[in-house]
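Please look at the sequence and the structure before reading on.

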Amino acid sequence: MSLTRRSLLRRGGATAAGAGVIGALASAAPASAQLGDDREAGVLLVVLPLVRADHVDAFEGGAPAKTPNLNELTKKSLRFDRAVPESMAALSARRALVTGMRAFPFRDWRRLEGFPSVPGFNPVWDYQPLLMEVTRAAGVETIYVTDNPVFDGPRFAGVRRAGSSASSDIGSGIDDELIPSFKRLTDETRRTMQLGVRALREVKNARSFFVGVDPFDPADAYAAPPFYVRPGRVEDDGLGPTDGRMVELNFSDGDIDRVRAAYVNHVEAVDDELGKLLDEVPDDTVLFVLGDHGLALGEHGYLGRAAPTSHRLSYEIPYLIRHPGGEKSGDDVDWYASTHDVAPTVLSFLGLNIPGKMDGEDLTALFDDVDQEDLPDRPKSITAVGSQIIIRDRRWLVVADRERIVRRMYDDDEEVEDDITRYDNIANEDPGKLTELSVAALTVAGGTLPEFGPDGALRPPREHGDDDTDDDGIPNDFDPFDNDHPEDGVTKKDLQFDGRYPEGGELPSVAKP
Amino acid sequence: MASGNRFTRRGLFGAGAAGAAAVGMSACGDDYFEPATSHGKDSPNVILIFTDSTRADYIGHWNPDGRLVDTPNLDALGQDSLAFKLSVPEAMPTGPARRGLLTGVRSFPFRNYVPTKGLPLGPGWIPILDHQPIVTEVLGEAGVETGYCTDNPFLVGPRFANFRRTLDFVRPSYSQGAYRFLNKPFKRPAPRSAIERYLLPELSDSVEVGRLRSMVGWNSIYRDSDRDYPTARVVRSGINVVDDLKKKSPFFLGVDCFDPHEPLDAPRVFQNKFGGPKGIEAEKGITPIQPFETPYSWVIDVELDDETIERVRELYAAEISFMDEWIGRLMTRLDDLKLIDESVIIYSSDHGLTLGEHGIVGKHGSRAQWHIYHVPFMIRHPEGKLAGQWDDYFASNHDIARTALSFMGARAPGMMTGEDLSVIFDGKRPPPRPHFTSCYDDHVLAGDYDWFFIADSAGFRKRLYDKKNDPKELVDVADQHPDLVEKYWRILSDEAGGTLPQFSRHGGKGVIGG
């Protein structure tokens with residue numbers, strides 16, 4: 001019985017099935033699930049490059065693109081209605097996907113040779129856990145098909161190339177950059193999915209497998225996608241730092257129509273390829289299908305990939321999990337699932353222990369009859385692209401830069417009856433709400449947001465080489481006094497343990513000048 | 001957007017609802033008021049024993065050849081347990097370590113520090129934040145009865161109320177007289193004359209005066225016998241709670257003793273078990289139970305001679321011995337109730353205490369070396385799996401939450417960044433942790449079995465010690481191994497997510513950068 005099997009699959013949890021206090025322990029203990037019986041035979045992860053949820057009819061009715069395969073799949077899957085990648089653009093979304101760790105707020109960004117000077121453009125660092133590495137180590141047959149150039153090296157042994165070559169010269173403008181990028185991605189999707197079909201055939205008889213099919217245009221690793229904004233928009237909104245991605249362009253409505261038409265072609269081609277891939281998928285396979293990130297299609301004067309626009313449709317991605325037993329098929333969930341939940345969920349489906357560093361949630365809980373309200377709380381959806389942070393809850397959407405110099409807030413719920421339209425920037429009208437959303441981003445970032453220099457997140461100053469920092473002739477003496485600045489107002493009392501007023505007097509007030 | 005609320009709202013209570021279907025219990029789970037859980041009688045209880053300020057080298061199990069104190073009960077527990085050779089708390093001291101323990105989320109590197117009223121002023125001292133999970137809350141949602149007994153002045157104080165609210169059984173003890181100012185100040189301190197027998201001359205004008213007066217005053221009223229010492233009170237309340245909890249299996253019980261924290265005032269008979277009055281105690285009749293001005297003093301500043309330091313160590317040993325005896329009583333009680341083979345027992349501590357090493361008594365962030373960071377950590381499996389075995393994993397206090405959840409079959413929230421150590425009992429390895437990383441005040445430390453690295457979080461005063469050839473970490477060899485200094489610095493900043501936070505002087509303004 002499928003439900004029973006899955007419900008026993010915990011994040012390494014003791015399953016405690018059966019009866020008898022101690023007798024059960026032996027068999028029930030946590031990782032005995034590791035490649036034991038309590039797991040699914042295989043997991044297929046498919047990334048749909050640059051697909052917006054609102055172009056899939058099953059997500060938003062009246063979608064402009066025809067996506068029969070995705071619609072069909074959605075009926076058999078658990079659908080996440082409000083999924084947004086935890087960070088963008090394509091490269092950092094991939095990093096969260098395979099590490100299960102948030103890339104937001106790009107604190108670990110360091111500029112590397114050949115990569116753009118945009119926060120988030122870095123490879124998977126050595127200290128991060130890696131989904132494919134974990135599955136391989138557990139004896140799961142692992143194949144990951146992608147042209148992502150940073151997925152390279154000994155840790156990525158199971159990665160296969162579809163064989164595109166990268167060009168870092170992506171040009172600029174609608175006809176030189178944007179529309180050709182759809183074309184490249186479509187071709188990439190075709191090649192990658194074909195290889196995916198082959199990979200699936202290879203693992204058909206495996207005891208356990210994980211296959212990732214992840215079309216990626218290598219150019220997206222070496223160049224940050226520009227976005228186009230009508231000049232008036234920039235003046236009205238103020239955009240804050242955009243890492244050089246913003247291009248002012250007075251595009252016409254005709255241009256928008258051309259881009260939309262080209263984009264619909266791309267989505268339909270992706271759906272077509274997905275259909276061919278799905279024909280090869282065995283029924284007892286868990287299928288995890290999601291987009292990587294969205295784009296603006298002329299709404300509110302924005303055009304381009306991963307643009308910091310004012311409404312959710314340009315961020316939301318399709319996000320589907322098909323359970324082999326058909327559990328929850330056709331159901332939908334509002335919980336803010338994201339890219340970093342993929343790795344923990346895949347590992348849990350395979351019955352593997354989830355590394356503690358992965359901070360995404362294990363969504364298999366939803367198939368164990370855990371209600372979405374009982375999942376760990378995630379009241380806001382927070383994502384970032386470069387220096388811009390996008391925060392939203394059920395009604396509001398804030399676009400801010402990390403120094404909080406320019407913050408825009410929009411009412412993103414058209415169903416609420418008020419006289420605020422979607423494109424009104426109301427940041428100055430509800431500072432309380434603005435603060436609430438900003439603080440949420442700060443909290444997720446761990447308390448502070450990093451600042452960026454041209455070559456990476458700014459670090460504390462380097463050591464100067466002399467341990468005698470206070471220049472009193474005694475190296476390494478840990479003298480708490482700064483002899484260079486004896487009059488800096490710091491007394492011995494300030495340096496001592498505080499908060500100790502034995503007679504119960506007033507505790508010291510927090511911020512001393 | 002369509003509402004996604006199509007699942008059985010109450011099918012299973014909470015995310016920890018493992019295996020209910022498997023044991024056929026879900027049938028009764030439709031009653032809204034009856035949480036249906038997987039736990040029933042099938043998962044073991046988890047009993048967490050935590051003691052403050054406990055150095056591993058003072059526990060016989062970690063130091064069998066150089067025994068400093070007899071700890072027969074902890075040694076026996078060690079014989080039954082999987083012990084970790086080198087366990088380092090993920091952040092120190094007491095407050096941040098408790099936060100890591102209870103939330104399963106690392107407090108390192110204190111990026112979210114803000115000065116907080118009601119807690120000491122210093123990096124890391126903040127309450128459990130609203131968005132953090134609490135292990136007892138997650139367990140409670142999964143239907144586990146939870147209890148916690150402690151005299152820790154922070155946990156019973158105003159800033160950890162959100163933790164106490166998650167518990168079914170709370171047994172706070174306010175018997176740490178010297179630290180009552182953190183919760184309910186003691187209004188009848190002893191007169192100055194009453195503390196002269198404890199007060200070092202060099203501290204006669206320090207805040208320790210008030211503390212000692214408060215402690216002696218409290219003791220004069222509420223301490224009649226050995227049973228009234230804080231450790232005894234906490235363990236006795238633990239024993240009482242076990243009586244209540246045993247019918248409600250599975251349960252989670254925390255027994256968290258603030259001792260052997262200073263003042264080092266174990267009962268007299270224990271104090272004299274390891275030697276007698278010497279040094280200042282022999283000459284002037286002053287028992288150095290508070291040998292430093294919190295958090296630390298230089299030995300030369302408080303004029304401790306070698307004999308007196310020896311006496312301070314004996315007093316610390318006495319505290320350990322007293323604590324060990326009471327842990328023994330708890331274990332005996334668990335055995336009497338036949339709970340010992342139905343429970344996972346986890347024992348650990350939050351940090352150590354410097355007793356004259358490096359010229360310091362107390363706890364100093366920039367000297368957070370082996371005597372501070374090496375703490376005991378062991379897990380006793382109910383079936384006695386891996387009894388007496390050693391593991392070289394760098395286990396840490398933030399692993400305890402996830403490990404406890406896992407033993408009880410509950411799902412750990414993804415935000416919990418600790419590892420599930422229960423997998424070791426199944427012959428699996430937790431994800432690799434090749435180095436330990438930690439922090440204390442504005443200092444960060446990292447290391448492994450070969451090297452120990454410490455620096456302040458702005459990158460000044462980087463020091464490196466060769467633990468193989470210099471186990472006491474006396475000689476700084478940073479200038480001979482710039483590559484290693486770079487390596488450990490990188491490990492620390494990676495672990496912190498890329499950059500390390502910087503703090504204003506002594507944390508007065510919170511985080512100012514990074």
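## Helices and basis

Helices (H or I, at least four residues) are DSSP runs, numbered from the N terminus. Glu307(B) is found in helix H10 of chain B.

This is a predicted model, in which local features need pLDDT of at least 70, side-chain atom pairs count only at pLDDT 80 or more, and totals for chains, interfaces and linings use all residues. Residues are numbered from 1 along each chain as its sequence is written, chains are lettered from A and ligands numbered from 1 in the order in which they are written, and side-chain values use heavy atoms, with hydrogens and water left out.

## A negative patch on chain B

Glu283(B), Asp305(B), Asp306(B), Glu307(B) and Glu310(B) form a negative surface patch. Patches are made of residues with over 30% relative accessible area and no salt bridge, and like charges are joined within 9 Å. A salt bridge is a side-chain nitrogen of Lys or Arg within 4 Å of a carboxyl oxygen of Asp or Glu. Asp and Glu count as negative, and the place of a charge is CG of Asp or CD of Glu. Accessible areas come from the Shrake-Rupley method with a 1.4 Å probe, and for residues only the protein chains shown count as cover.

Helix H10 (residues 306–336) of chain B gives the most to this patch, with three residues.

## Cysteines

A disulfide is a pair of cysteine sulfur atoms within 2.5 Å. The whole structure has zero disulfides over all chains. For Cys149(B), the nearest cysteine sulfur is that of Cys257(B), 9.1 Å away.

Methods. Patches are made of residues with over 30% relative accessible area and no salt bridge: like charges are joined within 9 Å, nonpolar side chains (Val, Leu, Ile, Met, Phe, Trp, Tyr) within 5 Å. Helices (H or I, at least four residues) and strands (E, at least two) are DSSP runs, numbered from the N terminus.
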